[in-house]
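Please consider the predicted model shown below.

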Amino acid sequence: MHSQDPLLDIQNLSTFFHTEENIVRSVRNVDLTIYPGETVALVGESGCGKSVTALSAMRLVPMPPGNFENGRILFKGKDLLQASELEMQKIRGNEIGMIFQEPMTSLNPIFTIGDQIIEAICLHQDKSHDEARILALKVLKKVAMPSPETRIDQYPHELSGGMKQRVMIAMSIACKPSLLIADEPTTALDVTIQAQILDLLDELRKETQMSILLITHNLGIVAQYADRVAVMYSGKIVELASVENIFASPSHPYTKGLLNSLPKDTISVKLETIPGAVPHPAFLPEGCAFHPRCAEKMGECEREIPELQSLDSNPKHQTACWLYNKTPAL
């Protein structure tokens, strides 16, 4: 499928938070690759570790209490966990852009939106203030900001939620990054604005060969925009496959549960739910973290954590489940 090397290659990454009471295991032995020009969706319920995975890739996890227990994050072949903070500052916003979950709190209220975009451009590119302003205007037009010539001199409180989200996207793409991490990029926006913003990101991806890590719990968005899907549960990736395979033949009981809980065409059909709740990452059960909620659990599930392995029927479809795992339980 991919002849080129991955742009981002996360290998066996664990990010824990050490608190006075206990250890919060937010990300556990995650493997994830993203190739140039593709969109990979990272999906799962709230609190499963999606955002911590993204913040880890950007090296934005606060240390302490956070700590990278093990693993590597290779970006263009370079391990970001070994990079200095100065090197990371050059990469963040320049080679890796990020749209944060909350545009309301991510913009500085005391600077105009133009100043904030201009600062990002001047920081990473050899441009004068005037050149950066022209570029900022161009990028605001690209994200379909209404009346960009007026908006560029306005403050965040003067803009609607959708406009603020467009500003966040403008800032994240101003330096033409190779990788864009979009953490719930359309949260709290109405459906028409959501579609416009996602279409825009998809156009930019095709235009510039930019890769996108799309973090969401909206499976409708995943079906429309992703190439591959990684399903996360309790800090671990439990299934990884092409978007077609995930929707046509999900293998992990958790993925099946997520898809079965989607609204059906007929109103009379009662929505299915997954029983129970996601365990707290500080108090994970033994073995597979999903087993207390799983209708198909076996003895091994309560004792051993299954590894992510390829299915016999499709080597590109991986799942972490004892129903398919080839390694016998100890």
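The sulfur of Cys321 lies 6.2 Å from the closest cysteine sulfur, that of Cys301, which is too far for a bond. A disulfide is defined here as a pair of cysteine sulfur atoms within 2.5 Å.

The model is predicted, so local features need pLDDT of at least 70 and side-chain atom pairs pLDDT 80 or more, whereas totals for chains, interfaces and linings use all residues. Residues are numbered from 1 along each chain as its sequence is written, and side-chain values use heavy atoms, leaving out hydrogens and water.

Helices (H or I, at least four residues) and strands (E, at least two) are DSSP runs numbered from the N terminus, and two strands pair if DSSP finds at least two bridges between them. Eight strands form an open sheet of mixed pairing, in the order β6-β7-β8-β3-β9-β10-β12-β11. Its edges are β6 (96-99) and β11 (309-310), each pairing on one side only.

Within this sheet, β3 (residues 39-43) runs parallel to β9 (residues 228-233), with four bridges between them. Val40 stands opposite Arg228 of β9. Helix α11 (residues 253-260) packs on the sheet and touches β9 and β10 (236-242), contact meaning heavy atoms within 4.5 Å. The direction of α11 makes about 105° with that of β9; axes are lines fitted to C-alpha atoms, for helices over the stretch in contact, and angles run from 0 to 180 degrees between N-to-C directions.
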